[in-house]
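The following exercises concern a single protein chain. Each consists of a task and a solution worked in steps.

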Amino acid sequence: MTEILTKTDPATRGLIPLPPAATRVLLLAGGAATAASAFLAWTWTSKFPGDLTINGYPGGLQWLTFTAGILTVLFALARYGTPGLGWLSPTGNNAPVVLSALGALGTTWFTVIAIATDLGGLTNLEPGAYVAAVASLLPLLAALALPQQGAGEQTAKETLGHYIAKAERIPAPRATAPWIQRLVITAVTIIGLAGFTYGIDTEYGELFIGYLFVVVFTLWALHTAGLVDRFSALVAGNRSFTLAMGFAAAIAFPFTQTDDHYANIGVNILIFGTVALGLNIVVGLAGLLDLGYVAFLGVGAYTAALVSGSEFSTFSGVQFPFWAAALSGAAASLIFGVLIGAPTLRLRGDYLAIVTLGFGEIFRIAVNNLDGDSGPDLTNGPNGIPAIPDLSFFGYNFGESHDIAGFTLGRFANYYLLMVLIMAIVVLVYTRAADSRIGRSWIAIREDETAATAMGINGFRVKLVAFALGASLAGLAGTVSAHVTYSVVPNPYQFAGSTPPNSAFLLAAVVLGGMGTVAGPLLGAALLYLLPEKLVFLQDKSLLAFGIALVLLMRFRPEGIIANRRRQLEFHETGQLDVPDTTTLTDQPAVTKTGA
C-alpha cells in the first residue's frame, strides 16, 4: 500500500516535475551560485546606496543575498542527509529548503528591482545583477520539485495546501548535558544580538527591507525545520539562565553602538515595550479590551514632569529624586486606573472598549485645556511642560557622556540602561502576577467570566486589580519617557496616529507579538517602532505596508509571532499543530460518548 501511495498520491510529488538527480544538482548549484553572485558588480554607479559596483567585494544588500544563498545550501545538504548537518532539520521535511530559497529570491529580486527603479531603468544593471536574479531563481524551482514531504513516510492524508505550513511530528531530542544546553542558549543569544544590532544599524530603507526578507524567511524555515520548538524546550528547562542571558544581551547593546541615535531608538523601544507589557496584563491575561491605555502613559509622564524640577511646571520649586518621581507617576496612574475601572469594569466586550476609548480621548482633551484659560493652570495646555532636567544618580548625570571600560555612553545610552533595569522589574512583576492565584483568576475570567464567577471568583475585583496593575506599569514607563524627551505635550496620547506611542499601536504590539506571553509584546513593540523609523522612504505608503503586513500575519498566524500554547490551540484545528488527532493533550486515549 505504501508503494502505491508513493507512486500515485500527489502529496509525494513536487509542484514541478524534475528528475531527483537534476533536482539535487539544481538546488545545490543554484544556492551556491546565488551566494557567489554577491561577489559580482550589480550596478555601474555608486548612487545606489551600499556601493554594489565592486567585483569581489560585496556591499550592502549583496551580503544579505550571500547569507540567504549559504542558508539554502545548508538546508539542502541537511535534507540530503549530509553527515554532521542532520541537526539542522530534525523534522526531515522540505519546507525549510523552500523557505530559505524564497528568502534568497526575495532579497535578490528586490535589490535588482530597487536598482532599476531608483536609478531609472534596467540600463543601470551590470551583468552580475542578471546572474544573481537567474541564480536565485534556480534553487526555488528545484525546491518546488522536491516531494511535499521529507524523506520520511508519506500518507495520502497530506495535500498541496500543507506544502509549507505543516511539518511532520518533531522527533524527541536526545538528552544533552546542562552545560551544552546553556552553551546553545548563549550562542543563540549572541546571534540574536548581532542580528538585532545589524537591523537597527541599517543606514537606508532598502537595506532594512532586504534584512526583513532574510530574517523572516530564515526564522520561518527554522520553525518548520523544528529547531524553534527544540530551542523552546531548552528554554523551558533553563528559564532563569535564558532570562539572565536576555538581559545581558540587552545591557550589551549600547556598547555595540557608535551612534547615540540608535541608542535613542533602543530606549524608545523599551519604553514602548514596557507599556505594551502592562497592556498585556489587561488584554492578554484578563481579556479586557482597553482602547485608551496610552492615557496611563501620559498620566505618569505628566506627573513626573510636574515634580521633576521643570521651571515651566506649576510646582516649579519641587524637584523629587527620580525614585520618588517614578513612584509618584506609577501611583498616579494606579489611582486613575482604579477611578476609571471602578465604574466601568462591570461592562463587557465592546461596551468596555468604547468606555476606555472615551477615557483616552478625555485625558488628551483635558490636559490640552488645563492651561489657565480653559481650565486650571496645571499642564500648560498645548505647549506642555518643557525643560525637564536630566536625571542624576549619585553624581552620575544621565544627560552627559561617560567613558566606561573604553566605551563611550551617550545620553540616550544612559537612559537605555535605566530602562533595562525598569524592564527587569516589570518582567518580574508580570511573571509573578501571571503565575500567582490572581493570574489564574485573570485567565479564568478571560476564558469564561460567567463560569469563573460561578466557581467563586470575584470577577469585578480581579478585573480591577488587572486594570490598576497595568496602569501603574504604564505610568512607571511614562516617568522615564518624560525625561528622555525633555518635554511632555498632549498630542502623542491619542488613540491612533502615524507613529507610536498611541493606543492602537500598543494594542497591535500585544496582538502581533502574542497575547499572554512576556517576549511577545516586547517583540511586537520593537517591530512597530522600527518599521516606521526604517521605512521613512515609503512616506505616506508606510501605513499601507504596515496594514498589509498585519492582515497577512493575522491570516496565517493569528495567535501572534510568539504564541501562547493555549491561544495556539484555540486558533488551529487539531492536526494543524503537533497534537494527535485521536488523543488528548496528555497523550491519553480520548473518551468518546456513544450515548446511553
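**Exercise 1.** Determine which residue follows H11 with a positive phi, and describe the helix itself.

*Solution.* Step 1. In this predicted model, H11 is followed by Gly309, whose phi is positive, near 95°. Step 2. Helix H11 covers residues 294-307, 14 residues in total, and spans 21 Å between its first and last C-alpha. At 1.5 Å a residue, 20 Å would be expected, and the span is close to that value. Step 3.

**Exercise 2.** Compare the span of H12 with the expected one, and state what covers its buried residues.

*Solution.* Step 1. Helix H12 (residues 322-344) contains 23 residues; from first to last C-alpha it reaches 33 Å, close to the 33 Å expected at 1.5 Å a residue. Step 2. The buried residues of H12 include Phe322, Gly329, Ser333, Ile340 and Thr344. Alanines are also among them, including Ala324, Ala325 and Ala326. Step 3. The elements covering these buried positions include H11, helix H13 (349-369), strand S1 (392-393), helix H14 (411-434) and helix H17 (459-485).

**Exercise 3.** Classify the packing of H6 against H9, and characterise the contact.

*Solution.* Step 1. Two packed helices are described by the angle between their axes and the distance between the axes. Step 2. For helix H6 (residues 178-200) and helix H9 (residues 239-252), the angle is about 30° and the axes are 10 Å apart. Step 3. Because angles under 35 degrees count as roughly parallel, H6 is roughly parallel to H9. Step 4. The crossing of H6 and H9 is right-handed. Step 5. On the H6 side the contact involves Arg182, Ile185, Thr186, Thr189 and Leu193, which meet Phe241, Thr242, Met245, Ala249 and Ala252 of H9. By class, the contact residues are 6 nonpolar, 3 polar and 1 charged.

**Exercise 4.** Carry out the corresponding analysis for H10 and H15.

*Solution.* Step 1. The axes of helix H10 (residues 260-285) and helix H15 (residues 437-447) come within 8 Å, crossing at roughly 50°. Step 2. That angle makes H10 oblique to H15. Step 3. Ile281, Gly284 and Leu285 of H10 meet Trp442, Ile443 and Arg446 of H15. These contact residues divide into 4 nonpolar, 1 polar and 1 charged.

**Exercise 5.** Is Thr65 buried or exposed, and which residues does Thr65 contact?

*Solution.* Step 1. Thr65 lies in helix H3 (residues 61-79). Step 2. The relative accessible area of Thr65 is 0%, and buried means under 20%, so Thr65 is buried. Step 3. With neighbours within four places in sequence left aside, Thr65 is in contact with Thr34, Ser37, Trp42, Thr107 and Thr108.

**Exercise 6.** How many helices and strands are in the chain, and what share of its residues counts as buried?

*Solution.* Step 1. The chain has 21 helices and 4 strands. Step 2. Of its 596 residues, 46% count as buried.

Terms used. Residues are numbered from 1 along each chain as its sequence is written. This is a predicted model: local features need pLDDT of at least 70, side-chain atom pairs count only at pLDDT 80 or more; totals for chains, interfaces and linings use all residues. Side-chain values use heavy atoms; hydrogens and water are left out. Axes are lines fitted to C-alpha atoms, for helices over the stretch in contact, and angles run from 0 to 180 degrees between N-to-C directions. Helices (H or I, at least four residues) and strands (E, at least two) are DSSP runs, numbered from the N terminus. Angles under 35 degrees count as roughly parallel, over 145 as roughly antiparallel, 65 to 115 as roughly perpendicular and the rest as oblique. A crossing is left-handed if the near helix is turned anticlockwise from the far one by less than a right angle, and right-handed if clockwise. Contact means heavy atoms within 4.5 Å. Ala, Val, Leu, Ile, Met, Phe, Trp, Tyr, Cys and Pro count as nonpolar, Asp, Glu, Lys and Arg as charged, and the others, Gly among them, as polar. The expected span of a helix is 1.5 Å times one less than its number of residues. Buried means under 20% relative accessible area, exposed over 50%, partly exposed in between (1.4 Å probe, protein chains only).
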